[in-house]
Amino acid sequence: MRKLKLSFLAMLCGWIAWNIVCWVGMLTEVPFDEIRIQDAMKVLYLGAATGVVILAAWLVIFLPVDLLIPDHSKLRRPWPASIFGFLAGSSVMVIIWGSAFLRDGSTTNGSELFTWQAFFLLSSPGVTGMVAAYMRSRDREPMLN
């Protein structure tokens with residue numbers, strides 16, 4: 001029960017970090033004086049909708065991994081946990097983005113394919129995984145950190 005609570009709280013922190021990344025992404029794409037209420041509502045809606053995805057990711061990926069790795073493992077240290085959390089989160093988006101790219105193909109050239117908003121969107125699952133894994137690694141016994 002303790003690991004269940006701690007991993008849920010860690011994933012909640014990761015989801016909050018994801019929302020911060022999305023807000024930063026929105027602010028880099030649209031000048032601050034041109035932000036409309038619809039833009040802000042879109043980001044809020046996206047944050048709420050991703051809460052469902054984050055909950056599923058917690059149940060299917062994060063919680064089982066948390067239950068399988070012992071608290072005294074070297075993978076529970078903050079640096080390895082953060083790196084593996086970032087890689088795990090990023091791999092999900094790379095697989096989704098890559099499969100859509102291979103299936104549909106690209107109709108744009110390389111400069112139109114990259115935007116800062118896309119960068120923040122693509123990196124946000126990695127940030128979620130990194131923050132969640134880091135937060136969970138900090139819940140170990142103090143002498144193990």
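Predicted model: local features only at pLDDT ≥ 70, side-chain atom pairs only at ≥ 80, totals over all residues.
## The largest pocket

The largest pocket has a volume of about 780 Å³. Its lining comprises 32 residues, and those closest to the pocket centre are Met-11, Gly-85, Ala-88, Gly-89 and Gly-129.

Sorted by class, the residues lining the largest pocket are 22 nonpolar, seven polar and three charged.

The relative accessibility of Asn-19 is 14%; buried means under 20%, so Asn-19 counts as buried. Its side chain reaches the backbone oxygen of Trp-15 at a distance of 2.9 Å.

Two salt bridges are found in the whole structure. In one, Asp-66 pairs with Arg-76, with 2.6 Å between the closest N and O atoms. This pair links distant parts of the chain, since Asp-66 belongs to helix H2 and Arg-76 to the loop between H2 and H3, 10 residues apart. Both Asp-66 and Arg-76 are buried.

Asp-66 also forms a salt bridge with Arg-136, where the closest N and O atoms are 3.0 Å apart. Because Asp-66 lies in helix H2 and Arg-136 in helix H5, this pair ties together parts that are 70 residues apart in sequence. Arg-136 is buried, as is Asp-66. Through shared partners, the salt bridges join Asp-66, Arg-76 and Arg-136 into one network.

Notes
Residues numbered from 1 in each chain as written. Heavy atoms only, no water. 1 Å grid on protein atoms, 1.4 Å probe; cavity = no way out; pocket = protein on both sides within 12 Å on 5 of 7 lines; lining within 4 Å. Points joined across faces, edges and corners; volume = space filled by probe spheres on them. Nonpolar A, V, L, I, M, F, W, Y, C, P; charged D, E, K, R; others polar. Buried < 20%, exposed > 50% of the residue type's maximum accessible area, 1.4 Å probe, protein only. Polar contact = N/O pair within 3.5 Å; in protein donor to acceptor, adjacent residues only side chain to side chain. Salt bridge = Lys/Arg side-chain N within 4 Å of Asp/Glu carboxyl O. Helix = DSSP H or I, 4+ residues; strand = E, 2+ residues; numbered from the N terminus.
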